[in-house]
Each structure stands twice: as structure tokens, then as C-alpha cells.
Amino acid sequence: MTLTLIGHDRRFAVEQAALNYFPREGGGHAVSRLSHSGRLASAAVEYGGKKARGRAWVPPDAPPDGALRMAFYRAARQLIEPPPWGALTGIRPVKKLEELADSLSGSERGGERIPGPPAFEKAARELTRRYDVSPVRAGMAADCAASAAPVRDRLGEKDVALYIGIPFCPTRCAYCSFVSSSVERDAGLTGRYVETLLEEIALAGETVSRLGLRVRALYWGGGTPAVLSPEQFSSLCGAVRACFPLEFLEEHTVEAGRPDAVTPEKLAAYREGGAARVSVNPQTLREDVLDAIGRRHTPEQFWEAYGQARRAGFDTVNVDLIAGLPGDGTEGFLSGLERILAAAPENITVHTLARKRASRVAAEALPVCPARTVGEMLDGAGERLRKNGYAPYYLYRQKFTEGGFENTGWTKPGKACLYNLCMMEELCSVLSLGAGGVTKWVGKRIERLFHCKYPLEYIGRRDTMGDILTAFEGLYLKNGRTDG
Ligand code: SF4
């Protein structure tokens, strides 16, 4: 699909929406004429040999962008299948629902905020009424808001989550645009990376202690943290235990990642380090699809790693799947999910394939599933997950997914991952260590501090490694958030 926008300089107002609404393959050319005059925004869209018009009012004292997007949506909606998130284009639909819940509660009870399932259910109905969000998606957003609300209430200003990035992988997946280094190509770099990380852990521990922060969640992410040897992991984990005040730690996760990198010895090292949650991610249980996406492991290797995680004593296991992978189909995807449901992991994360520009999927134009198939996969998954006692607890959307679908974390009751909630719902600050991460300071506003991307760059910049910590500390001191 190509898009031509005519008659307006606010292209960005509808560009992302257009990517969500019109299929990338075989859809031809969409032409949209946008205009606004006074308080009326208008759009005329031509697509697939048909034409439609839409209009929306510009609220007083507001820029026209929102109204242009709505006018464009109303026109496009007549020519396309109903988009799952209706007129919403943002990556955080749960935030929109929470804002609606706040305003609905406020108008009813004199401004007092009353978060809770009834307010969120009401807001879900509003999300459907105002933005045409499908009732299923609005219900998912309400469930996520209900999961976040009690955590938001109990976390104080001193609470933080700690993220440690291990940006190495056995090989590169076809859909990946992350900065992860291949351990095959960069053999030898891992040891130097661990040494540098040990130094940063010591520095960060001093900062966190000086500020009197409480580390609530510790998360080892990647990349594939399981590329570390048990000894490397244990030395890093020992340093974290020695340098950080961890008496308030509630959750410790290792996103082991690729099943082919997991061994009983590594899992034992995670358990000895105090981790009780582990993520083992097949992404698909179809061997041909695994081949197509360049993951050099088999479905059997996933089951072996999963069994090892259970035998190692992890009480929470997460399994990641991706809907829409090249060569996949609804039946194969759902039958894989059913086999995983039979094993009853506590968490299942269902992602939607995003065709990121820097990935092989985009560069080589690999044939991905069309939006309709992705929708069938996700809807079928949602039904099966709910039937098996799971509920969505966080969700977000990404650019470049077919159909503008979402990524959703599903959980058994009482097993929601605190780190994911903190990160996705921005419930507390997140301090990142290592390469490729983002430190997030969450106060009245949110500040993001971007770490250097590549392991080699990280190792080479030892002399400036304290800069982000200094900036992070500065944000706390400047905003007086160390005494709450
Ligand atoms: S495991 Fe994740 S980070 Fe590593 S190459 Fe695959 S998608 Fe990228």
C-alpha cells in the first residue's frame, strides 16, 4: 500500500493511522485529502476503487490533529474492515482508558479519583463509544488497568525497578531490529562486557543506596541472558546482591530467552541467585516457521528447556509467542498455543509481528501473515487463554504491525509480573544497566535516559559510564523525590 496525502501539512496526524488501517500487501494506493477550516476537519479517502468522506469537530482551543485523525478514520472506516483499536493510534491504549476512567469518576464524584474495576468497565464502554474500539480490545484494556491500579497505589516514590541488559544472542532472528550481538560473531566480547557491567553495578549500587531507593523488581533482559555461563551470571548476580539494598525486592526474573541457550546448570545459577521467575521463549512451535525466522532451535528444545525450568523450581514461568510470523497460519499458531496451555505456564506473552525497518523480515520482504490472519490468531488466542484462566495484565501496541494489533501479557491470577507492570504502565522509575537499555525516571513527568546501544561501545566508554547515573540522581534531587 502506498499513501498519498493531499491538502494538509499535518501528515503525521494520519500517517500512523493509515499504516494501521490499510494492508501493506496488495492493497494498492490510498489517497486522502485532508482539510480543516474553523472548527470542522474533513477527510476524503479513495481506496480500492471506492471513495468515502469523514468529518469531525475541532475542540475549542485545541490543535486540529485529533479531529483530522478522527475525520480520516471516519472516512477510512467505510472502506476497510473494522480496525481492532478503532480510531486510537497511540501505543498505550490502556492509558487512554485510565484517563477516561479518571474523568468519568471525577465528573461523578467531585473530582475524586476512584480507580477500580467498575470505573474501568465503564471507561471500556466509553472507549468503544467514542473511539470505536472493539469491545474485546476495550475489555482487555480494562483488565490491564485493573491489574495496574493496586500496584500504582502501593508503590511509593522511593520504589524502583532494576533492569540489567545482556544484549547477546546465539543468532539473529529475522524479525529482530534490536542491537543484540551474535555470540557467534562476537565471541570473546561477552567476558569484557561482564567485567564492565560489574563496574557499573558497583557504581549504580552506590547511587541507589545514597538516594535511599527501594529496589522492588530485578529483571535480567536481552538479547538472551542465557548466553552467559553460570559462572558469569553468578558473579554478576553476586555483585548485585552485594551492592544494592534488596530487602524490599519482591520479584526477580531472568528472561533466559532462546531455549537452545538454556541448560540445567544455568537455571540452577539463576535459582541460587534468588530468581523465581524465568522466561523461556519459543515464539512458535512450528519447526518450519522457526527455520524461516532463523532461530536455530527445535520445538523439542523448547520443551526440554521448559521442563528443566520446572525441575529447577521456578514458580513462575513465562512463555513468549509471536502471531503473524512468516510462513505461519491460524491453525498452526493456535495448536501451538494449545500445547503450551496444556503445560500451564503462569504467564504467556502474545506478541504481534512488527516489520521493523532494520529487520530481515522488512529488508528481504519476507511474506508475513495478512492482518486478517493475525486478527484470527489473536482473537483465537484470547478466547483460549481466558477459557484456561488467564487474563491480560499489560498491553501495548507497536509501529509496523499488520492491522495495528497489540502485544499482550497474559497471566494466571496473582502471577502478574511486577517488572512488566512497572515498565509498561510507568508505575515507578526503572534504572537500566548495560548496553541497549533505557533508564526511565517516573515523576510528575517522565524522563528517558538512553544508554549506548552496542556492547562494544559500552565497553569502550567506561570513563563515562557514571553519566546516566548522575543524571538519574539529579532528577531525584531536583524533584525532591528521595524522602517519600
Ligand atoms: S532472541 Fe530477541 S533480541 Fe535476540 S535476535 Fe532474537 S529477537 Fe533479537
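User: Which residues line the largest cavity?

Analyst: A quick word on the ground rules. This is a predicted model, so local features need pLDDT of at least 70 and side-chain atom pairs count only at pLDDT 80 or more, while totals for chains, interfaces and linings use all residues. Residues are numbered from 1 along each chain as its sequence is written, and side-chain values use heavy atoms, with hydrogens and water left out.

Now the cavity. Rolling a probe the size of a water molecule over the atoms shows where empty space is left. Here a cavity is a set of points, on a 1 Å grid over the protein atoms alone, where a 1.4 Å probe fits but cannot get out, and lining residues have an atom within 4 Å of a point. Searching the whole structure turns up one cavity of 30 Å³ or more, and the largest cavity has a volume of about 40 Å³ (the space filled by probe spheres set on the points, which are joined across faces, edges and corners). Its lining is made up of Gln283, Thr284, Leu285, Arg286, Leu321, Asp328, Gly332, Phe333, Gly336 and Leu337. Sorted by class, that gives four nonpolar, four polar and two charged residues (Ala, Val, Leu, Ile, Met, Phe, Trp, Tyr, Cys and Pro count as nonpolar, Asp, Glu, Lys and Arg as charged, and the others, Gly among them, as polar).

Helix 11 gives the largest share of this lining, four residues, so let's stay with that helix (helices are DSSP runs of H or I, at least four residues, numbered from the N terminus; strands are E, at least two).

As for the ends, Thr330 sits in helix 11. Setting aside neighbours within four places in sequence, Thr330 is in contact (heavy atoms within 4.5 Å) with Thr373, Glu376 and Met377. After helix 11 comes Ala344, with a positive phi near 55 degrees.

How values were computed
On a 1 Å grid over the protein atoms alone, a cavity is a set of points where a 1.4 Å probe fits but cannot get out, and a pocket is an open set with protein on both sides within 12 Å along at least five of seven lines; lining residues have an atom within 4 Å of a point.
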